Amino acid sequence: MEKILKENGLDVSDTQLKQFQTYYELLMEWNQKINLTAITEREEVIRKHFVDSALLSKCPFFDSQSETKILDVGTGAGFPGIVLAILFPQCFFTLLDSLRKRIDFLQLVVERLELKNVHLFHGRAENYGRDTNFRNQYDFVVSRAVAELPLLLEYCVPFVKPGGYFVSYKGRKYQEELQLADNAFRELTCHLEATEAFSLSEEEREKRVLLFIRNNEKTKDKYPRKAGKPKKNPL
């Protein structure tokens, strides 16, 4: 594991390496109980989940200063939130997911890895996005493999501080999603500030692009709409 992480620019401590190893073991154990990932081969998990989640750390727009607040919307099995929390113990992480079983899994991960910088919440983004304790409170909001961009923007931007960033992990077809999201960008008063492109393999077959979307001002009161409405009728 250490070799693969270092090959991809992740120089981790012994403690962090042990945390990643325990995380992998728990992921495989719980994947037999609930559907957490279709990728189970060890090297593939390291490259396609751990390294992929950590790509944010390579971006100049990412600020990992002490007390930086980061929210992972639709965290699933903890990607990218848990990976980033291991790498940046000085930052504060909130992980949100709508499935109780995933949160139960992540609670065990947090306890076993002794992560003091992670808080877990069960529920829908549309509901938490209207809660003043979460709304426009985060320096960075991240989301990976959750939905297409027009829908993601309504889920995620309401959590971002004015001047902060929503970072969307996307693949090769990100430009098509950007075209579909013109109205969502206008309605949610945000804009695409930068893109950071990466390759996950030497053959460069698997592309990953991180979209840095800056929130320009406090989100309009009407967004996010009630739970279920954004999915039925994306902006």
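**A tour of the largest pocket and a helix pair**

Start with helix H3: three residues of the largest pocket's lining come from H3, the largest share. This is a predicted model, where local features need pLDDT of at least 70, side-chain atom pairs count only at pLDDT 80 or more, and totals for chains, interfaces and linings use all residues. Residues are numbered from 1 along each chain as its sequence is written, and side-chain values use heavy atoms, without hydrogens and water.

**Stop one: the pocket**

Select H3 (42–53), strand E2 (92–97), helix H6 (125–128) and helix H7 (149–156). Each supplies at least two lining residues. Helices (H or I, at least four residues) and strands (E, at least two) are DSSP runs, numbered from the N terminus.

The lining divides into twelve nonpolar, eight polar and ten charged residues. (Ala, Val, Leu, Ile, Met, Phe, Trp, Tyr, Cys and Pro count as nonpolar; Asp, Glu, Lys and Arg as charged; the others, Gly among them, as polar.)

**Stop two: H2 and H5**

Select helix H2 (residues 14–31) and helix H5 (residues 100–113). Their axes, lines fitted to C-alpha atoms over the stretch in contact, come within 10 Å and cross at roughly 150°. H2 and H5 are therefore roughly antiparallel (angles over 145 degrees, on a scale from 0 to 180 between N-to-C directions).

Show the side chains next. Contact (heavy atoms within 4.5 Å) involves residues including Tyr23 and Trp30 of H2, and Phe105 and Arg112 of H5. By class, this contact has eight nonpolar, two polar and three charged residues.

Definitions and conventions
Angles under 35 degrees count as roughly parallel, over 145 as roughly antiparallel, 65 to 115 as roughly perpendicular and the rest as oblique.
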